[in-house]
Structure formats: structure tokens, C-alpha cells
Protein chains: 2
Amino acid sequence: MNNFTFYSPTFFAFGKDTEKEAGAYARRFGAHKVLIHYGGGSAARSGLLDRVRDSLEQASLPWAELGGVQPNPRSGLVYRGIELCREEGVDFLLAVGGGSTIDSAKAIAAGVPYQGDFWDFYSGKPIEKALPVGTILTIAAAGSEGSPDSVITKEEGMFKRGTGSDALRPKFSILNPALTQTLSPYQTACGITDIIAHLYERYLTNTQEVEVTDRLIEALLLTMIHEGPRVIQDPDNYEARANIMWAGMMAHNNSCGVGRSQDWNSHELEHELSALYDCAHGAGLAVVMPAVFTYVMEHNVMRFAQAAVRVWGCHMDFAHPEETARAGIGALGRFLRSIGMPSNFRELGAKEEDIPQLARQCCFGNGRSGCLNGFVKLSQEDCQNIYRLMV
Amino acid sequence: MNNFTFYSPTFFAFGKDTEKEAGAYARRFGAHKVLIHYGGGSAARSGLLDRVRDSLEQASLPWAELGGVQPNPRSGLVYRGIELCREEGVDFLLAVGGGSTIDSAKAIAAGVPYQGDFWDFYSGKPIEKALPVGTILTIAAAGSEGSPDSVITKEEGMFKRGTGSDALRPKFSILNPALTQTLSPYQTACGITDIIAHLYERYLTNTQEVEVTDRLIEALLLTMIHEGPRVIQDPDNYEARANIMWAGMMAHNNSCGVGRSQDWNSHELEHELSALYDCAHGAGLAVVMPAVFTYVMEHNVMRFAQAAVRVWGCHMDFAHPEETARAGIGALGRFLRSIGMPSNFRELGAKEEDIPQLARQCCFGNGRSGCLNGFVKLSQEDCQNIYRLMV
């Protein structure tokens, strides 16, 4: 196991009706004036925004509002948010929504106290200071409610880049599984896929002797395999949604990823797809993961065989471990299709002729040096080959 | 799943040589004058105390020292520590040791800013304020490095009582697995047993639909079963110790216990044993757990069968699930004996004739109302029956 530090100071309030405490928590964590940041109309239609406003009012907290966050959140709205916070004297960001809204709020939070262009932080500059952020989560997926990460899409060129800093970890996150019951089965499945990807990205490691984190990752994958189909079949299943919601947080606050090298090649390959086609991140990952894993499997057959046996319930073929490894990847692909996810470029709305551009952007976009450096080092040619497996 | 809040703001620095950063972390988390609190001579003999002093000196932090913490830490030393901190103007507690030292430091931390008797907190009064605590852990066991809990033994009457408060969660904890390599196999095994008990106490729940926390607990149990024998066989196995050390923290910071009722009857029954005979807490738990589980198994046979299959690798007997449940408890008992733990009163140094007193103290000691209220409600008679199973 490698040396590491781990710090996850977010206060979590989990369960039914917990959004009613938003005002009290914002006050407890230092708010004097709040920006309610949200996405489209669903938070308004469902009455959630009204409940949040009521809660702030009860806590005697004034607020401003900024809606309109899109999936794959854009830099343009971040610039507007920074300006609005400065004009209004906002000192606390309250994100009401999913990963996109939370990531957008984190970007605004970092931008407000910074003199330069906030995009500097998404081009490698470390974040040292940010306004405090609180979240009310409405989809279990990105894990941004407990993570130091934020991913934003730059409109000029439509490319996605991420950043991370302990300063971006939410002060509090309110997780009410009932708020996710209005999601469509497709949105729910995209969230499930994103959580599974966060687990696989950590599972694919080159660090030896990491039994504890291996086992924790497997535990969360087993949870997703058990609860995913239950919630797709019955969207009102509160208990299944609750298990998925906590698994989604634990999958990405890094308690299961400490002390080991991680992969993240699948995320990099996917980011180019959702940036170019504006597809859902989870749907992109469903197409990317089986292709990447098939391509890199030989790098460590036993790791994939371990996942196949421990997670997917495959029988170990001791004479041919590669068959077991392959069976596990096959089981992952079938699982993702079974919950309604796409499995190829066509279903995703991606085009074969764009592959050279996608691979080039992966390896050379935004100042990259020519390859991806995850579980396996992938050249531009490797990326092309992997994208071709998705056609 | 039940509603819950979860808050684990401790900063963890994990790995080789991390104790050299103690001074820098103490300063970062607000120290101006430190009390180094430690146990017996091993921290001095190993050179650890000198490295800690060097680190504080490098951070220009003055300090006082108070050693002499015993296993099952005593109230007497806590009173002395409180007095010393007040005299010396200490504003930060640095515990260098295991759970006993950390628990003693937490008690001092709560006592210094309190006008009354610190024992009030161990008799039910909530803790609202405490000096900040940092820890340098030297044994993976109690989980106190990431928990809000503290257990102290009152010398008058020799009984143990616990308390918990977010104010007692350490600001930082330094976990260097190499520091645990000097422990005897017996001490190491006691720690392993304590960790396993923290997991079982959470696993035995009456809450339905808790797949994610079930799976996480199972993951940590599987880790202990894999790594425990490796470290007993080879005390210098850094990797096995590292996996155990992170599992020990995760087992008790409650990320795996949220949203579910928990048991803690085994701990209550054990506390009376270690209070009366001053035996090691882990050794007591090794004797207590199989007896309790056998006694309460019928309350939920399927829960014990699930542990047997998923954790202990037993085959499910679908016609006779109680046989599978029993096989799992048997496997736990054999495992604990295999790492050198006692399995009965005689090996523990406990006496059959004390059973009425032990059961009475369990149910009526320190203002209790006549029973234990964990997974199963246990009367004084039940407690006697369970103690008898240990003879």
C-alpha cells in the first residue's frame, strides 16, 4: 500500500425530509447570504426549491438564485455565477441538483475569491481558497456531494476538464433518497453506471497488496448489482435508492481508493464523447468501459479474474484465467444493457468517422503530452483502437 | 434504512514515517502548547517519543508530557491530566499510543474546559466542548483514532463506561503501520479481535434493507480473515499490517454502520470482564462473541447464515439454515483460537463464581435499568446464561 492522506470532512444528513434542514445547516457552516444554484425545471416542479427557500427563510438567511445548469455543466454559467455572487455579496453556495449542479457550484465557489480566470483551475492551477459549498443531492451518480472534484465543459471547443481540491469538499450534503424517485429509469441507470465506473477506476490498480480497498470496492459493486435492477424495476423503491445513494457517496469520497494507483482512463475516453455529442456521462461510460477493459485485460488477467469471481459470481477457470477475466467483463456489459444503457457508438449517437478526432483530443487536448496514464499507458493509436471496439 | 447523520472530519496521514509530520499537523490544527500523552515504556524504548518531540521542536511548539496510561485506562490519570493541562496552559492533546491512550486523551480534552467532574460525561451528560486531539496510533484495534468514542475505567468499583461526541473526533490521526510491528503476537491478535467485534456489533441489526452497509462490513471482515493470520505468522509484514490498520479505522468511524440499529451487547458483556479481571479487551471479546451469538442466533437465523456464507465461506444448507448459521459462529471461534485468543473463562482468568456479580453489574451498574438493549434484549438472567456458555 502506498502512503496517503485522507480527509473527508463533509457533514452528511441522510434520509427522508432532510432537505428541510438546509437553512439550519447553511447557518451552522457559516452562511450569511446564500446562492441557490440549480438546473432545469424539475427542482421547481417537484416543489423542492420551495422547500429549500422555506428552510432558508426559517433560518433567517437571505439568498440569490441562479438556475439553468445543464448536464455537462458549462463555463459560461460559471462566469455568470461568479459575477452574481460578487454583486450580491454571497458567501455560501447551495447546490440543489446532481453532479453537474454541484460541480458548477464548486467552480463558482473557487472563482469568487480568485482575481484571475477560474478556468486556470481547470488547466492545472491548484485551488487554495473557495467559498463554502453545501449540497442537496437529487441523483446518485457523480459522487460530487462527498468529493473534492469538479468537471466543467469549456464552451469554446466543447471540451471537459476537471480539478480537485480539499477546499471544494462540501461543508454539508443532504441526501434524501426520496428526491431521486422522480428520475426517469434512463437517468437512474446513467447514475448507476457512473457509480460503477468510479469503483472500477479505483479497482484497476498497479499497487500490490491492497486487500482492504479491493474488498471495499467489491462490496460497493455488489451493492450496485443487487440494488440497480430493483430500482429500475420499481422506481419508487426507497430502500434500493437509499442503498445506491450511500454507495454512490462512498464510491467517490476515496475511502475505498486510498493508498493505491487508480485508472481513470475510462473517464478520460468518455469525457471526449460527452463533450462532443453532449450524451449523458453515464451512458458514455457504459459504452467505454467494456471496450477499455477488453483492450487492457492482458495487462493483469488475475485482477479481472478476481473481479469476475468476487463481484460477478463467475466460476474460476484455473486452467484458463483469461476466460474468467473475459467472462467478468461480459457480465458487466450484460448488466449495463439490462438496466437500459447503450452498448455501442450507434446507440450513443457517436460517429465512427470522429474517432481520429476523439483520440487526438484525448491525448493532446488541453496541453496533454500525447497519452493517457492510467492502469495502462494508452497512446493515441491505442485510444483509436479502443474507440473502434465501441463501434 | 433509517435516517442518519455522518460526520468524520478527521485528517488521516497514513504510511511510513508519517509520525515525523506530527508537529506540522498539530500546528495546522491550531496547537500552541501540546500535551504528549502516552502509555508505558514502549513508545520511549522504540524511539517514537523522541521522534515526536523532534517533530514538535521543528514546528516550534512547546509541550508538556504525561505518560503512564494503562490498558483499560483509569479515571485517576484523567484527573491528573486535566490538572496538568490547566497548569501548563495546554491547548492541544497529542495521544501517542493505542486506544487506551487515545481514550484517556479524549477524556482529558473534554475535562479541561469543563467546570464539573469529567466523569459526568461518562454518566450520560453530553459533551459540547473539548480541546482538540491528535493521535499517533501504535496498535490497530479500538478505532478510537477515527471515532467519537472514549471508554474509561472508574477506579472506585472498577467499572468501565463510555461516551461519544463529535467534539472528541481527532483533528488528525497519524497511522504508520510500521509502528505496530513491535507488538507481540498476542497484542496484535487482541487488536484483530477488537476490530472484528466492531464489525459484528454493526452487522447484528434489526434494520431491514441495509445491503450497502452489510456489504461494507463483510468486506472488512474478509480483510481481517485474510490479513490476520498473515501478520500473526510474520509480524514484520508491513502490507498485512497496513491493510489491517485501515480496516480498523473504517470498522469504527461508522461509515459502515450508518442508518441501521447496532448491537453492542458483546462489548457490554466484555466491559465487565476486563473491568473485573483487567484482561485485554480483545481477549475478552474473543470469549464473549461466540457465546453471545450462539445464545441469540435464533432471533435471526438468516442474518447469521448470511455471515456464514458471505464471510466464512460456508455452504448454505437451504433445508437447515440454522446449521449454516451455527457453522459460521463455529468458524469465527476457530479463527479467533487460531490467532492465539482464549476461548473460555479459564483461559481468560475469569471465575465461574463471579457470574452473578458480572451479570448484575451489566444490567444494573451505573444506573442501568435492568437489561441490555442491543440486537436482542438481554435480562440479567440472559446475561448469566451467556456467561455460563463461556465457562
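Let's start with one residue. B:C362 sits in helix α14 (residues 355-364) of chain B. Helices here are DSSP runs of H or I, at least four residues, strands are runs of E, at least two, and both are numbered from the N terminus.

A word on the source. This is a predicted model, where local features need pLDDT of at least 70, side-chain atom pairs count only at pLDDT 80 or more, and totals for chains, interfaces and linings use all residues. Residues are numbered from 1 along each chain as its sequence is written, and chains are lettered from A in the order in which they are written.

Is B:C362 buried or exposed? Buried, because 26 other C-beta atoms lie within 10 Å; the cut-off for buried is 20 or more, with C-beta atoms placed from the backbone. Leaving out residues up to four places away in sequence, B:C362 touches B:E268, B:L269, B:E272, B:L372 and B:C383. Contact means C-beta atoms, placed from the backbone, within 7 Å.

Now the two chains. A rotation of 180° with 0.0 Å of shift along its axis puts chain B on chain A, RMSD 0.0 Å.

On to the interface. 36 residues of chain B contact 37 of chain A. On chain B's side, β1 (4-14), α7 (211-233) and α8 (238-250) each give two or more residues.

Last, the strands. β1 (residues 4-14) of chain A and β1(B) run antiparallel, joined by nine bridges. Pairing takes at least two DSSP bridges. A:A13 stands opposite B:T5.

Key
Copies are superposed by least squares on the C-alpha atoms of residues with pLDDT of at least 70 in both. Two residues are in contact if their C-beta atoms, placed from the backbone, lie within 7 Å. A residue is buried if 20 or more other C-beta atoms lie within 10 Å of its own, exposed if 12 or fewer, and partly exposed in between; C-beta atoms are placed from the backbone.
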